[in-house]
Amino acid sequence: MKKIKTMGLIIITLLFLIVTVNAKTYDSLDLQITYENEMELKGAKEGLEKVKLFFTEMGYKIDPSLKVKILFIERVCILFNKTPIRVHTSYDPKTLLIEITQWSQQKLLNEKGLFNITPISIELYHSLIVHEITHAILHSLQPKAKSINHEYIAYIVQIYTMGEGTRKVILNEYKSITAFENCNEYAYSMFYDLSPFGFAIAAYLQYLDTDELFRKIVKGEIE
Ligand SMILES: [Zn+2]
């Protein structure tokens, strides 16, 4: 019995080593990452700077003790109706952990698409990282924000901070979408369910007109 247990332990350890053999880690004051490709590390470091700059330029003060944790892994799954489904990325507000599908898994990324653009460029991939980091920063500024409001803000920061060329392509892809106008939360959560990327564009265009809703969400006036 003991022998079987020992064998089991050895097998588990070997499996763990195989899974983590390519994983590298980076640890600084405000960022902790497990990654595979240097480009992922670059995206995370630059992404965090971009998101911090975006919020500080709007006058927000980010908690200096906040440490963003990101795992670049092969499979990112979330539960949908109790069934795990693969997604590009996830952010867990309970563990504050961001999971992002590794760049080497581009096939999956491209199958699912991003703003209807394929293949997904490095710049678009980096914007995904920005989106997830925004969730972490928003959570620290306003822990009560509802998930639909999280998406509203994460998409705005994602689109606002991406390169102009990529943004033009995306806006052109969704040129029929116009800015949200005095919309209530119910209307925009319906829109999100129908078209998350359409929702993203409408949110971004509204932000260019007015940052009123953005600020209300961060203030906690809209939870
Ligand atoms: Zn999101």
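Asn81 is exposed, with 5 other C-beta atoms within 10 Å. Here a residue counts as buried if 20 or more other C-beta atoms lie within 10 Å of its own, exposed if 12 or fewer, and partly exposed in between, with C-beta atoms placed from the backbone. You'll find Asn81 in the loop between strand 4 (77–80) and strand 5 (83–86), and its phi is near 50 degrees, a positive value in a residue other than glycine. Helices (H or I, at least four residues) and strands (E, at least two) are DSSP runs, numbered from the N terminus.

Before going further, a word on what you're looking at. This is a predicted model, so local features need pLDDT of at least 70 and side-chain atom pairs count only at pLDDT 80 or more, while totals for chains, interfaces and linings use all residues. Residues are numbered from 1 along each chain as its sequence is written.

Leu96 also has a positive phi without being glycine, this one near 60 degrees. Leu96 sits in the loop between strand 6 (89–92) and strand 7 (97–101) and is partly exposed, with 15 other C-beta atoms within 10 Å. Lys69 belongs to strand 3 (residues 68–73), and it touches Gln32, Leu96, Leu97 and Ile98, not counting residues up to four places away in sequence. Two residues are in contact if their C-beta atoms, placed from the backbone, lie within 7 Å. Lys69 and Leu97 are 28 residues apart in sequence, yet their C-alpha atoms are 5.4 Å apart in space. Lys69 itself is partly exposed, with 16 other C-beta atoms within 10 Å.

Now step back to the whole chain. The protein has 9 helices and 7 strands, and buried residues make up 29% of its 223 residues. Of the contacts with a separation of 6 or more, 64% join residues 24 or more positions apart.

Lys107, in helix 3, counts as exposed, with 9 C-beta neighbours inside 10 Å. Lys107 and Ile120 are 13 residues apart in sequence and 9.5 Å apart, C-alpha to C-alpha. Pro119 lies in the loop between helix 3 (106–112) and helix 4, and the peptide bond from Thr118 to Pro119 is cis, with omega near -5 degrees.

What does helix 4 pack against? One partner is helix 2: helix 2 (residues 38–57) and helix 4 (residues 122–141) pack at an angle of about 50 degrees, with their axes 8 Å apart. That makes helix 2 oblique to helix 4. Axes are lines fitted to C-alpha atoms, for helices over the stretch in contact, and angles run from 0 to 180 degrees between N-to-C directions. Angles under 35 degrees count as roughly parallel, over 145 as roughly antiparallel, 65 to 115 as roughly perpendicular and the rest as oblique. Helix 2 passes helix 4 in a right-handed crossing; a crossing is left-handed if the near helix is turned anticlockwise from the far one by less than a right angle, and right-handed if clockwise. Among the residues that meet are Gly43, Gly47 and Phe55 from helix 2, and Tyr125, Ile129 and Ile133 from helix 4. By class, the contact of helix 2 with helix 4 has 11 nonpolar, 4 polar and 1 charged residues. Ala, Val, Leu, Ile, Met, Phe, Trp, Tyr, Cys and Pro count as nonpolar, Asp, Glu, Lys and Arg as charged, and the others, Gly among them, as polar.

Helix 5 is another partner. The axes of helix 4 and helix 5 come within 8 Å and cross at roughly 135 degrees, which makes helix 4 oblique to helix 5. Their crossing is right-handed. The contact includes Ser127, His131 and His135 of helix 4, along with His150, Tyr155 and Gln158 of helix 5. The classes here come to 6 nonpolar, 7 polar and no charged residues.

Helix 5 (residues 147–161) also comes within 8 Å of helix 8 (residues 196–209), axis to axis, crossing at roughly 75 degrees. The two are therefore roughly perpendicular to each other. Tyr152, Tyr155, Ile156, Ile159 and Tyr160 in helix 5 meet Ala200, Ala203, Tyr204 and Tyr207 in helix 8. This contact has 9 nonpolar, no polar and no charged residues.

Several of these names come back in the largest nonpolar core: of its 43 residues, Ile133, Tyr155, Ile156, Ala203 and Tyr204 touch the most other members. Such a core is a set of buried Ala, Val, Leu, Ile, Met, Phe, Trp, Tyr and Cys residues joined through C-beta atoms within 7 Å.
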